[in-house]
Structure formats: structure tokens, C-alpha cells
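The following exercises are to be worked through with the sequence and the model at hand. Each task is followed by a solution in steps.

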Amino acid sequence: MEPWLATFEEAIDGSGFRHVAAGAVADFMRRYGAPAGAFVEGRRRGGQELVILNLLTGAPQRPVYPVLHTERVGVLFTRENAQPLVTMLREDFPDTEHQQLVPEGFPATICIDDRPWAEARLTWTPAELIERIVSWFRRAGRGELHDARQPLDPVLMGSPLSFFIARSVLDASPAQDLIAEHDPGDGAILRVRKAEPGKLPSTAEPFCIVTYKVPPEHMRRLKFAPHSLASLAAILGERRINLFDDLRTRLGAWIAEGPSAAWRLNGRFAVIVEMPIVSPRGVQQDGLDHRAFVTARSAGDIAVALGIAQPSQGLGKVGYVKMIGATTPDEAAIAAIEVQAAEVHLAFEADFAARLTGRSSSDERNTILAGAGAIGSHVADSLAREGRFRWTVVDDDRLLPHNLARHVARGDAVTRPKARILADHINSTLAGPPRATAIPANLFAAGDEGAAIESALRGADLIIDATASVVAARHLSDHAAPGRRVSLFFNPAGDAAVLLVEPADRALTLRDLEAQYLGLVLRTERLADHLGRPAETVAYTGACRAITNRIPQSQAAILSGLTASGLTAAIDGGSAAIRIWTLAPDGGVRVETMTPEPVARFRAGAWEIAIDEGLVRRIRVMRDACVPSETGGILFGLVDIPAKRIHLVDASAAPPDSDEQPGSFVRGVDGVEELMDSVRQRTAGQVRYVGEWHSHPPRSSARPSAVDGQQIDWLAALMGMDSMPALMLIAAETELAMIFADQQAERLPQRRTA
């Protein structure tokens, strides 16, 4: 400590401070500081001034760290309008959290303020400075300093450089040639990337970076930052890394390699070290610390200092040749190679993105996104920024000017395929190898495009439908690919988003979830206009179908973000999910959540009929409420004639004019027409009348009676007008029968496709 203090040779009396802030601190302590301590003296070194104080720490009798009741503190002012540094003027001051990483020979420097100086100086006063120092001491004594990181201070370390480098480049170096591009107008920012063949930008310089990883079992917390290559080697040696032996091997191999290694050997030399973050008490923390140590010398110069090479005196393309015979390192030359510590910023790759969201690693599941429009592009953008998925984007649509109102694309992408735009967007957001590919084709394409889509579907772990097309969603639901399916879409009015997620075992399909979602819409009064309210539209050309919905980007972004969050929560588990988020005019969000029900399936000829257990329970409740009389009502469902599928969605109670008797039931007609109109309106015409249901009395089976046969004949005539077979459901005490097209449907085994 004394040698460092001795560099401040000039003593300053009470009125001799040149830094206004330094004089203010000294004056404050003399006039008002007695309760906190005392002013000792002032010193000057060139343009820097040091205010030395004795401060009362308020340390408890048994402090967590050995903080004394009175500590000598130096407040260092390096220049006007710069944040002062708070140094501990005790040789054996303990290592604690919230300390700067400083050069060898510099006193321990504590972090008392996590605000940028531009913000902190707005309220800075000598009183606040002293209070923050004393507060730091109190927290240290109680063990309440928790951040184990050791930030670099450019004022102390002397290097303003910041490295921006991708993890993939960091792991691969130095087996590849690298360049560091300086940001125009800011030479302190170095963007490191692989050197590609061809002309280099004027802002680039060759760089040779070697990397080392300190294993957790060998990690010791840094006390000081090295100032030379020799001291860096000593620090790494304490952590079981022999820097010079490794460099002799690496650099020697490059010199032997000849011209192909010329770039590396003539590049500016730097070492990047990856270390676990360790607390002062030796406890490993979450995360990793990356430090760059930069020299002003080339890798070839390092080889010369290590005694394995000599300059070629202008001969050859490399500039260095192998040293002949046994040699030893030039210790003086090595000690003279200065290193400066610099910040390392890892590029935004998938793993880094995942860590920023609280997960330990990226999500590597292969995912197909069908539909790269408004909701698809926003959801994919959110998930990619969370390190989610390897993407294949399928969409044959092209970006038109009106799409920019609610899409992640920019204006220069107009007329490009949306699939390519979104894939490029993901790849430009995330550094490293591409995470997304595009198939700009219709989902039902044939030929090479169809083969590419088919291959992607069969290799996908997750298949996301964002097409807002019932046909596309059902096609993906029926496809033989094993991946789990998800469907997401906005409602027509654009004030709600819907998420349907299959269970991991695919015991329920998107078709099943579609039916249960529509059932939820029918039964929930708050969703009365969810699908029924017409969208506000605007024409974007003169063509009759060239219209688009009026949905503000802010609304699309909010709903897409909620959908993305719900999607990840669902797919990280194994259960199915149905969720609807609705935005209120005041900005509130209403959420409807439904746990999807298991589904029973029946086969009658070529047709399949599905009914979920929730609907079965509701029918039984209506039956039980009328026992011993029979009751019944109307069946509503989704019909897919080409696929020969019916999904029952809901069942009505008996109309008020029905005749319910212990041995018979005749359905009335009062209010039926209004009910059917309501169902059509609330489901945008998707749900329709599909047949009738009625109950059988206690201790009776679900086999159709003679009267049931007559009703089936009547139903067949009624449905025949719509080219549909007749459907009747009979609910007995313990049985359920499905009568379809004059035959009793066979119940199918429970679906398992995973």
C-alpha cells in the first residue's frame, strides 16, 4: 500500500484541491462528517487527487468479513466530471463481493453504486458519497453483499476495448482465421468473426485469439488483473493452465504450417479466459465470466519471445521462421509484453438467449411453423429470442405493403416470400450457425416442394399451425408425422388470441381441441362475441377479396407475446392446453383456460364420430335431472364431409314444449330455431346441427327401441336433405350408444400415437 500511496507525492492542504468534487468531500468531512469519521489528508499525483478519510464502519462484533470498526479510505478523483473511485487503504483488506477487478499494486476498490455515472451524478453530493460508503461497510459486515462478479473499470485497467464474439467462434478459435471489425467512429468496439475470403473492410484487423476454460474444481477467485503476459501466465498457472507450454505447442505448429497460418501469426494476439464465477468465500455462482487479455503484439512476436521462432527478415509470406536448436524463453521480453484486460460480450446465440430467459440451454427441438404471417412471425420472433427451436418455416405467401402493419418484416422485404423473410429474420437475430430454414411453398404443394415439406414434417418434434386456416390445421392434425401439434390464431376481430396444444402423447389431436375450444365459446357468456363479432376491414387494392382486418400492431404484439408465453409453458409439460386471451379496451387481459377432456371415438362405416368426456358428463347431468322421465335435445358438432369426421361440440337441453315421460320423449320445437341461429353466430358458422340425443330410463340399456328406429328414420329423411347421415346419441344409466346411418357405431380403442 505504501508504494502506491507514495506515488501521490504532493500534499494538499484544506483549500488546495483542484477537483471541485474532491474539495467538496474534504470540506464536508471537516464541517459535518464527525458522526461518520474524519478527514485525514489530501494528496495529488499529476491530474489525480486523493482524499484520505477515516470512516466508522458500523461493523458488528462478529462481522462476516473482517471489517474494522474504523477503516482508512481513499476517494480517488481522476478527472473532472468522472465518477470517483473508493479505495481501501489497508494492505490486508478482505476480498468481498462488490469489488472492482484492479491491476496488481492497486488497492482494493469497492463498488458503492450500480448506476451509470451520467445518472448518479444527477444527485451526487459529498453526503451521499459518504452514506453509500458507510452503507457498503454495514452490508459487508452483515454478509449482505451478494454479487460475486468483479467488474472491470476502464480507468484502472487502461483498456477501453470490448470484444463481441460468438460462442461458436470462441470455441473454434484459433483453428480458424479471425478478424476484428471496429465499429465506424468507435475503435473500442471489436466485433470478432471468422475471416472470409475476399476483400476485407477497412475497419478490420487480423486477430489471433486463444481461449482457455478454467474448470470449476481449479477455479480460484481473481484478486488482481495481470499487467503483462508473464503475470497472466502466473494467474493461469494457479488455475492449472500452463500458458507458455500450450502456446509453444500451438505457435510452433502454426509456424511449421507455413503460409496458410500467416494470418494467425501476424494477427494481434489476445487470450480469452472462461471462468466460473466464484464468491470471495469460494462458493461457485451461476453463470460464467469471460475476460479478454489483449496485447499490442502479434502472435509471431509472442512466438519469438517464447524462443520458438525468429523474424524472417522479410523473407517468405509468413514473416517468422522456426528457431533451430534448443532455445529458452526470453523472460525479459515476455515480462515486457503488456496485457490489457477487456470486456467480452458473447454474441446473442441460442444458448445465451436461453440463459437470459432463465433456462440452462437452448431448446433444440426441430419445429415446423406453418404460416409466417402476423401471429406466426411475432411468436417465432419471441421464441427464437428465448433460444427456442430449430425452425422450418412453411408459407407460400409474399409480403405485401399492408402486411407491414403487423409483421416483423421491414419495408425493404416487400414482395419477398414471408417464409424466407422470417427465416432470415431469425438467423440475423441469433448469431452462430443458422437456426431457421424456409420452404416458400403451399402446405399442400406437390413435387420437390411437397417432398421437402413431407420430410420436414416427419422430422419435426413440434408442428405449429399459424395459418388461421381450418383446412390447414386439420391437414396437420391428420398427418402421419409423430410430432406434437400446436395451433394458434387471432379471432376475427383481432382482440383475442387462441392457443391449442396437443398432449405429448397425442391422445388428443388438433381436431379434438378445435371442437372443445368451440364448445368453450358456446358455453362461456364472456365469449359470446369472440367469433361472432365481425372484423373491421380495409381494402388494400381494388380487388373484391383484397381486404385485411384492422388490427393495430400494438394489439398484435401483445397477443402474440401472451401466446408465445403460453405455448412454451404448455410444451415444456406433457398436458394438452386450451387458452384464450382477450384484450379489454382499457388494456386489461382476460384469460379463459380449459383443461381438455379425453375423447371417445366411434366408427360407423367410413365415418368417425368423436365426443369428449365433458360433453358426456353434461348429457348425463341433464338425463339425471329428469329421471325417471326420459329427456333429450339437439346435438351440435363439427362436420368434415371429405374426411368423414364428426366431432360433437355441445348438446342442448329439452326445449320447454317437449313431452318428457317415464317411458317416452318427444322433443319440442320452442326456441330451437333461435338456438341454432345463436350457435351459428357464436361460432362463425363452424358448428352446426348434427343430430339428436335422448335418454333411456333407469335399468334400461342404450340399445335403440322401436320408437328410436322410427326417430332414426325421421332423422335420416331430415339429414338426407343435407346429404348427411342421421346421428342419434342414446344415454342410458351406464351406457352410451351412438347410432349413425342406421347402425350402432363401434367404440374405438383409446387413441395413442406417440
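The model used here is predicted.

**Exercise 1.** Describe how helix H13 and helix H18 pack.

Solution. Step one is the geometry: H13 (residues 374-384) and H18 (residues 553-571) have axes 8 Å apart and pack at an angle of about 55 degrees. Angles of 65 to 115 degrees count as roughly perpendicular and those under 35 as roughly parallel; H13 and H18 are therefore oblique to each other.

**Exercise 2.** Determine whether strand S33 is enclosed or open, and identify its pairing partners.

Solution. Five of the five residues of S33 (residues 727-731) are buried, so the strand is largely enclosed by the rest of the structure. Taken by face, Leu727, Leu729 and Ala731 are buried on one side, and Met728 and Ile730 on the other. Strand S32 (residues 688-695) pairs with S33 in the parallel sense over four bridges, with Met728 as the bridge partner of Glu692. Strand S34 (residues 736-740) pairs with S33 in the antiparallel sense over five bridges, and Phe740 is the bridge partner of Leu727. S33 and S34 form a hairpin with four residues between them.

Notes
Residues numbered from 1 in each chain as written. Predicted model: local features only at pLDDT ≥ 70, side-chain atom pairs only at ≥ 80, totals over all residues. Heavy atoms only, no water. Axes fitted to C-alpha atoms, helices over the stretch in contact; angles between N-to-C directions. Helix = DSSP H or I, 4+ residues; strand = E, 2+ residues; numbered from the N terminus. Parallel < 35°, antiparallel > 145°, perpendicular 65-115°, else oblique. Buried < 20%, exposed > 50% of the residue type's maximum accessible area, 1.4 Å probe, protein only. Pairing = 2+ DSSP bridges.
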